[in-house]
Each structure stands twice: as structure tokens, then as C-alpha cells.
Amino acid sequence: MSEQVVNGLESGSWYALMALALVLVMRATNVPNFAMAEMGLFGAFMLWTLMDAGIPYFIAIPIALLCGALLAVVLERVLIRPLLSESEFAGVLMTIGIFVGLNALTQLFWGSQPREVDSPFTASWDVFGTRVTANQLVSLGLAIAVTYALARYFRSPGGVRMRAVAEDRVTPRLVGVSVSWVFRTAWAVAGVIATLAMVLQGQSTLLTDQNAGSMVLKGFVAATVGGFTSVWGALAAGLGLGVIENLAGYWISTSARPAVALLVVLLVLLLRPQGLFGTVRTREV
């Protein structure tokens, strides 16, 4: 069972990273981005393409992360921002449209054949009878490092400006805050984090055009359970979801794993609508 817990922490790290990307965009633009995983999948396929062309991993990975960031910035500027001044609901519908469009383009350019992403982290150790791999430690370490960095950022002046823009896009302009810069920064960093999540998943499993659908679902589950505004909540919920899923697959059936994720979020929302780490937001009427 300990091996299931370790495997669950690894997959939970991917969910936590995806949840962090969703939380970042939510804090900046107040829009849940259903296309986040597809944006990250584009960066992951760029990594595979570069490595297939003979470029070493540690040169290809910064280029892939940059591709994920650029795609997120372009889509935000061209397709999302013009809608936000009219209706946030229209922005949400647009992210769903982007999800469908990017998935179709991914199938068109890379096909549906599963591909292997060779990882440079190939070592493994036996720890008290449980096999622990370097890929698992890298995934968990990166999830914790990204969470810590975001938590520090949201307490900085830049993070305060981001939260202010999410609440009200007019008043911050009056005190000199560049809303365009805030949006651009949030989407670019979220694109990098989403690419990282999809790359780590592709390295440990296989890279396919279907990876994004389940990943964005798990990311939303983790973000919702964590409170949708708490980065530490997103990390804890992502790791917990990964462990629960793997234990459900071990004790019940692997086919029960998706249902367990939805059952978890249903129970949490029934008992605590603001999430485990969220706070009740008060609004002036």
C-alpha cells in the first residue's frame, strides 16, 4: 500500500500544479480557465518535438515552457480580454471553446499516437521496501517549490495588485496599476506551470492528445477543494486527491478512480462550500 501512496503523491503533484495555474488565472482575471491543460499540453508536445529533433532535454525544456507561456499570453490578449469587459461568463465560454480548438489542433499536428518523453531523472531507490523514483521526487519537489514561490508572490506588492485587479478592474487603474501587465503576467506564469504539469505527467506515463481532459478536471477538483484562492490549499488538495485515487484503484477498482475524484469534490462542497482552505468572501451590495 505504501507504493500506492507514493504513486498517489506523484500524480497529486501534477494535479496540484494544474490547480495552481487555475488559481493564478482566477486570482488575476476572475475567470476559470477550462483550456489551461490544453495550453500546457501544447508546451509538452513542443518538448517532445524538440527532443525528437535531437535537442537535449535541458535545452528543450526552457523552450517548451516559453512556448506554453507565449501561447497563454496570445490567447488571453486576442480571445479572452476583449470579452472580459462585456461579461465574465462569455470569457468562461471562450475558454471552453479554446479547449476544443486546441485539442483539435493537437490531434491535427501530432496525431493520437501515444509518445514517450524520455526523462533525465531515471534513478530509483528502495526505501523501507517501497520503490521511490527520481521522477516522483522531482514532481513532488517542483509542486512544493512552485506553491512556495506563488505564496510569497501573493504577499508581495505585485500579488496585492493582482488581487485588486481581480476584484475591481476600474479602481486600480486610477492609482496607476497596469491591468494589461497584471493579466499578461498571470497568464504567462500560469502557462509555464501548466506546461510543467503536463511534461511531468508525460514523462511518467505517456504523452497523448487525451491527457488534457482528465488533467484539467483533476486540477479543478483540487482547486475547488482547496478553496480556489489558496495556493497551499491547492497543493494539499492535489496531493490528497492523488493519494485517494490510487488507494481507490488499489482497494476497489481502477475504473472507480474518476468517480472518486468527483465524489470528493461533491462531499467537500456539501459540507464546506468555500472549500477546505477557502474563506467566505463578503461583497458590498
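Colleague: What makes α10 count as mostly covered?

Modeller: Of the 21 residues of α10, 15 are buried. A residue is called buried under 20% relative accessible area, exposed over 50%, and partly exposed in between, with a 1.4 Å probe and protein chains only. The model is a predicted one: local features need pLDDT of at least 70, side-chain atom pairs count only at pLDDT 80 or more, and totals for chains, interfaces and linings use all residues. Residues are numbered from 1 along each chain as its sequence is written, and side-chain values rest on heavy atoms, with hydrogens and water left out.

Colleague: What makes Ser230 a cap of α10?

Modeller: A side-chain oxygen of Ser230 lies 2.9 Å from the backbone nitrogen of Gly233, at the N-terminal end of α10. A polar contact is a pair of N or O atoms within 3.5 Å; within protein, one must be able to donate a hydrogen and the other to accept it, and residues adjacent in sequence count only if both atoms are side-chain atoms. Ser230 itself belongs to the loop between α9 and α10. With a relative accessible area of 16%, Ser230 is therefore buried.

Colleague: How do you know that α9 is mostly covered?

Modeller: Twelve of the 16 residues of α9 are buried, among them Asn211, Lys218, Phe220 and Gly226. Phe220, for instance, has a relative accessible area of 12% and is therefore buried. Just after α9, Gly227 takes a positive phi of about 110 degrees.

Colleague: What makes the phi of Phe128 worth noting?

Modeller: Most residues other than glycine have a negative phi. Phi of Phe128 is near 50 degrees, a positive value in a residue other than glycine. Phe128 is in the loop between β1 (124-127) and β2. Its relative accessibility of 85% is the reason why Phe128 counts as exposed.

Colleague: Why are Gly12, Val92 and Asn135 called buried?

Modeller: Gly12, in helix α1, has 0% relative accessibility and so counts as buried. Val92, in helix α4 (residues 88-110), counts as buried because its value is 16%. Asn135, in helix α5, has 12% and is therefore buried too. The side chains of Asn135 and Gln203 are joined by a polar contact of 3.5 Å.

Colleague: What makes the largest pocket a pocket, and which residues lie nearest its centre?

Modeller: On a 1 Å grid over the protein atoms alone, a cavity is a set of points where a 1.4 Å probe fits but cannot get out, whereas a pocket is an open set with protein on both sides within 12 Å along at least five of seven lines; lining residues have an atom within 4 Å of a point. The lining of the largest pocket has 22 residues, with Ser11, Trp14, Gln201, Thr205 and Arg257 nearest its centre. The elements giving two or more residues to this lining include α1 (2-29), α5 (134-154) and α10 (231-251). α1 gives the most, with six residues. The space in this pocket is about 460 Å³, a volume being the space filled by probe spheres set on grid points that are joined across faces, edges and corners.

Colleague: How many lining residues of the largest pocket fall in each class?

Modeller: Ala, Val, Leu, Ile, Met, Phe, Trp, Tyr, Cys and Pro count as nonpolar, Asp, Glu, Lys and Arg as charged, and the others, Gly among them, as polar. By these classes, the lining has four nonpolar, twelve polar and six charged residues.

Terms used:
Helix = DSSP H or I, 4+ residues; strand = E, 2+ residues; numbered from the N terminus.
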